[in-house]
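Reader: Hi, I'm new to this one. Can you walk me through it?
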Amino acid sequence: MKLNDQAQNLGIRVGTIQVIAFVLLAILGVRLYYLQVVKGEYYSDKAENQRIRMIPIPAPRGAIFDRNGKLLVDSRPTYNVTLSNEPIKKIDVTDRLEDYSRGLNVDRQYLIERINLIKKQPGFETMVLKENASIQDISWVEAHALEYSELRVELQPQRFYPLGKTLAHVLGYVGEISPKQLEKPEVIEKGFRPGDIIGKGGLEQQYDEHLRGKPGYRKVIVDSRGRVQSEIETVEPQAGQDLVSTIDLDLQLTAEEQLENSTTKRGTIMAIDPNNGEVLAMASAPSFDPNAFVTRIATPEGRREIANYYTNEERPLLNRAIQGRYHPGSTWKIPESIGALQQGAITVAHSNVACGGGITIGNKFTRCMGSHGSPPLSYAITKSCDGYYYRLALKMKIEGLIEMIETFDFDKRSGIDLPNEKISQTPKSWMPSVVKREGKWSDIRTVYASIGQDTVVVTPISMLRAVAPVGVAGRMFVPHLLKEFKAIGAVGEEGDPNYVPAKPSFGFDRPEPKIIEMTPEQNKIMLDGMWGVVNGGGTGAGIKINGFDIAGKTGTAQNSSLNSGGAQDHSWFVSFAPAYKPEIAVIGLIENSGFGGRHAAPAVKAVYETYLAKHHPNLLNGQQIAKK
Amino acid sequence: MAAIIEKRNLRDFDWLTAFLAVAIVCFGVWQIYNAQPTETYWSKQIVGLGIALIAFAVIAIIDYRRVIDAAPVFYIFGLILLALVLVPGLGVKVNGQQAWLKLPIIGQFQPSEFVKIPTVLLLAKYFGARKAGTLTFKEILVGAGILAAPVGLIMFEPDAGQAMTYFPLLAVVLFLSAVKVRYIALTIVAGLIFVPLAFWVGVQTGNIKKYQIERVNVILDPESADPRGFGYHTVQSMITVGKGGLSGIKGDTETSQSALKFLPEPHTDFIFAVTAENTGFIGCISLLLAYALLLSRLVAGARQAPDRAGMLVIMAIVGGLTFQIFMNVGMVLGFLPVIGVPLPLMSAGLSAVLSTFIAIGFVISIKMRRFVN
């Protein structure tokens, strides 16, 4: 056929079709060049990102033991139901909340909060919806795997506090890192990610870095539905180091029992070894159950429990030993007396100061509880003569008291290895605002300060730390709870890029004790006075233990701030024993219970008895025989 | 006489065209294997090629003019097959489309692939017989009618992708039957106005389904498209193509996009993405050049065709193949919407390979008889 014969430009028309075909193919070629050559790297990365997943392998968190190897905190394997972030970016899971809530028996409100959190923090790979899933929960998830492919079940070691409320304030608890914490640069630097479990409060927070260990991961290839196809590499986790604390669980249990049996069930008892600062017991009541924050946080009951901890007026979350601040009352007289001796306001030879049954400042008379004549220092301590200290403080002047406050570190934290310790408030800290408001520091404030009232509120730990040195020639240690971190082995082969070196055992990095300057004579006069409180017919005579002389000081602190409702005085007792060669120092504070010798002192005595039963059983037996 | 024809046949047989087609299918078999190494699609495709070659040889030897004479019979037969597909029990539903017919002995096949051939033949018969001069409106209507019957039946399946592949057949035939250039210009302008308008009206009236809207939106704005919903096919296809880079991934088949099931339908509609991943830019360009060469051979055949009908048959086939290649690869490269159009000679599927080889068989038959007149 001759195309040219036709009158329709057929040849041109066929050629046109051919050109169109070639142009279309050329368009495809150009597009190919763009996708493969220009953007090849970009798509290659995209492909890799969607097929490679890092599945973290949690490191077992170190356990915590008491000084005798008794288990205080452990981790146990549990299953978590988690929500993957990837699918929920696109599906609206709010429709499914009702089903999740029913299927997993989780509070709906809690689920809403969780979902909102995951939306705000795109860093989540997965988010835990329910910890500690039961067999029923797991089978529910498995049964709905197709319907709710965003749900998974993951094995996760969960923190477990077998002793419940015991030692809760010391141990703290663990929980998911908060969005607020994640914003801190130092937290980001350490590579924390949303959903990571960290210590909150107590030793869990203080030593989180060592307890936590180093998580490993599995680098895997997944298919389009997130199912693992093959493994590229596995990096084993390095477990956290086990912590041996200085706590003696038997003493701790006794202390907690005493608080539990006290009239108000509120207060703190703390025991340390005055020779090195090791904390043997630290009880604070009321207490809380750390398991609520870990295992019950997702249940409606658990959430009510936690809410109650925060709103309860008795403040169970407060560690009264280091965060409670109270007027010290007469316990304040111990550091005050040493300050007076150091400053020369009194001397060993001439320590007598008039009692006078009280003192008149301006037109106001402030009385002493008794009429003690003009007693020497040791007698003033034994009988807790207020009049003596009114006049002594006026002699020292407020500057002298402040010097004493600085000597005994009442203007500082004790340095204990626990987070969130409060600093005592004293005339030193109050001075600027009082002078600003009242024009001057009046004598009456000095008088009140002399017996640990008004401008003096101290933490129990700072008081125990100030008094304990009396028994050990003035050596004032930093109290601490860490006895030892156990060593942990290396992970992987040396030279391997994923090699994690072994971590050695280490103890508390104990600073040199601060020395409270006292001559032996000065020290003796203090010891004699404190010995007399219990053993010489003093204010604490009721707790005498034969063969194990306790040196101590009672305190009965008025609290004007709580006057409404007829709030009772705080009852204090601070002590150590044996008096002239102490092995243990104990402080007790029972809130709003009344006289120090009647409430705090017997509670402290019970701790000594437990100590004796363990370390000097013969003494305790002898005493009991003597009683009979 | 017979000996002369035999000799002439052998001399004039277009070996290069046949070789190109077979080579592309073989290349496709390799890619089907890459896409689904654990499945038997690739071996089935080899069997399909064998069957297709037999059909091809038979068609090439038969005088196409007789076939064109019998076109109405084939056409009616094709329409019956398309109607049977819609009969419950006979038609097989796959992915929501009732496009397959399951018959005893023959097995399962897709009539919409084959009916293109009688449609082309009937168009060629009608327009090939007409005298020179510009097309009348009535003639255009007859052409549209020939097309409308199979397209209408296919839309009932519904298989919009296949239905679309019929339009270039008519377009080419009309173009080559001296439709006035101003009509063409008018059609293009009307298309530019009415296609978006029709789409808009379809969206407003709800005749266009939501997934179809989304598929169009994905093309218009792939970056903000939902990569897990309707944008999934397009996004994954682009990733797969891009990942191939200049020369392909080489080995490491276990982490390929198709092995990990990121790429949907890798052995059929998205076979070009698999090719791109495995052979890279070099492989893809080679394949496009092979298509270009094949199309050139076909056009050359059209120019030498002994009669008008033969020329129309070949050019309609050229138009159909070009359109399918462009629609399919354009979809894979993410600039055309996802529509189920197979890539000629590459996608796994006996129906598609067979129908393409039958079409090429006609071309060869026509070329062999170029000097007979």
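Reader: What distance separates the centres of domain 2 of chain A and domain 3 of chain A?
Author: Taken over C-alpha atoms, the centres of those two domains of chain A are 48 Å apart. Keep in mind that this is a predicted model.

Reader: Which residues belong to domain 1, domain 2 and domain 3 of chain A?
Author: Domain 1 of chain A covers 3-38 and domain 2 covers 52-245. Domain 3 of chain A comes in two pieces, 323-478 and 513-627.

Reader: Which residues make the contact?
Author: From H1(A), they include A:Val14, A:Phe22, A:Leu25, A:Leu32 and A:Tyr33. From H14(B), they include B:Phe281, B:Ile285, B:Leu288, B:Tyr291 and B:Arg303. By class, the contact of H1(A) with H14(B) has 18 nonpolar, four polar and one charged residues.

Reader: New topic: sheets. In what order do the strands of the three-strand sheet in chain A run?
Author: The order is E1-E8-E9 in chain A. The sheet is open, and the pairing is antiparallel.

Reader: Why is one side of E1 and of E9 left without a neighbour?
Author: Strands E1 (52-57) and E9 (228-235) of chain A are at the edges and have a single partner strand each, so one side of each has no neighbour in the sheet. On average, neighbouring strands here are turned by 25° against each other, direction ignored.

Reader: How many bridges pair E1(A) with E8?
Author: Six, in the antiparallel sense, with E8 of chain A spanning residues 216-222. A:Met54 is opposite A:Lys219 of E8(A).

Reader: What about the five-strand sheet in chain A, in what order are its strands?
Author: E12-E11-E20-E19-E18 of chain A, again open and with antiparallel pairing. E12 and E18 (551-557) of chain A are the edge strands, each pairing on one side only. Neighbouring strands are turned by 5° against each other on average, direction ignored.

Reader: How many residues are between E11(A) and E12(A) in their hairpin?
Author: Six. In that turn, A:Gly277 has a positive phi of about 90°. The two antiparallel strands are joined by six bridges, with E11(A) covering 267-272. A:Ala271 is opposite A:Ala281 of E12(A).

Reader: And how many bridges join E19(A) to E20(A)?
Author: Seven, and the strands run antiparallel. A:Ala577 is opposite A:Ile584 of E20(A).

Reader: What kind of peptide bond runs from A:Ala577 to A:Pro578?
Author: A cis one, with omega near -10°. A:Pro578 is in the loop between E19 (570-577) and E20 (584-590) of chain A. Another cis bond joins A:Ala285 and A:Pro286, with omega about -5°. A:Pro286 is in the loop between E12 and helix H13 (291-294) of chain A.

Reader: Why point these out?
Author: Because most peptide bonds are trans, and most residues other than glycine have a negative phi.

Reader: Where is A:Asp454, then?
Author: A:Asp454 is in the loop between H20 (443-450) and H21 (460-467) of chain A. A:Asp454 is not a glycine, yet has a positive phi of about 60°. A:Asp454 has 19 other C-beta atoms within 10 Å and is partly exposed.

Reader: And A:Asn592, what is its phi?
Author: Positive, about 50°, and A:Asn592 is not a glycine either. A:Asn592 is in the loop between E20 and helix H23 (600-615) of chain A. A:Asn592 is partly exposed, with 19 other C-beta atoms within 10 Å.

Notes
Residues are numbered from 1 along each chain as its sequence is written. Chains are lettered from A and ligands numbered from 1 in the order in which they are written. This is a predicted model: local features need pLDDT of at least 70, side-chain atom pairs count only at pLDDT 80 or more; totals for chains, interfaces and linings use all residues. Domain bounds come from an automatic or database domain assignment. Two strands pair if DSSP finds at least two bridges between them. Helices (H or I, at least four residues) and strands (E, at least two) are DSSP runs, numbered from the N terminus. Axes are lines fitted to C-alpha atoms, for helices over the stretch in contact, and angles run from 0 to 180 degrees between N-to-C directions. Two residues are in contact if their C-beta atoms, placed from the backbone, lie within 7 Å. Ala, Val, Leu, Ile, Met, Phe, Trp, Tyr, Cys and Pro count as nonpolar, Asp, Glu, Lys and Arg as charged, and the others, Gly among them, as polar. A residue is buried if 20 or more other C-beta atoms lie within 10 Å of its own, exposed if 12 or fewer, and partly exposed in between; C-beta atoms are placed from the backbone.
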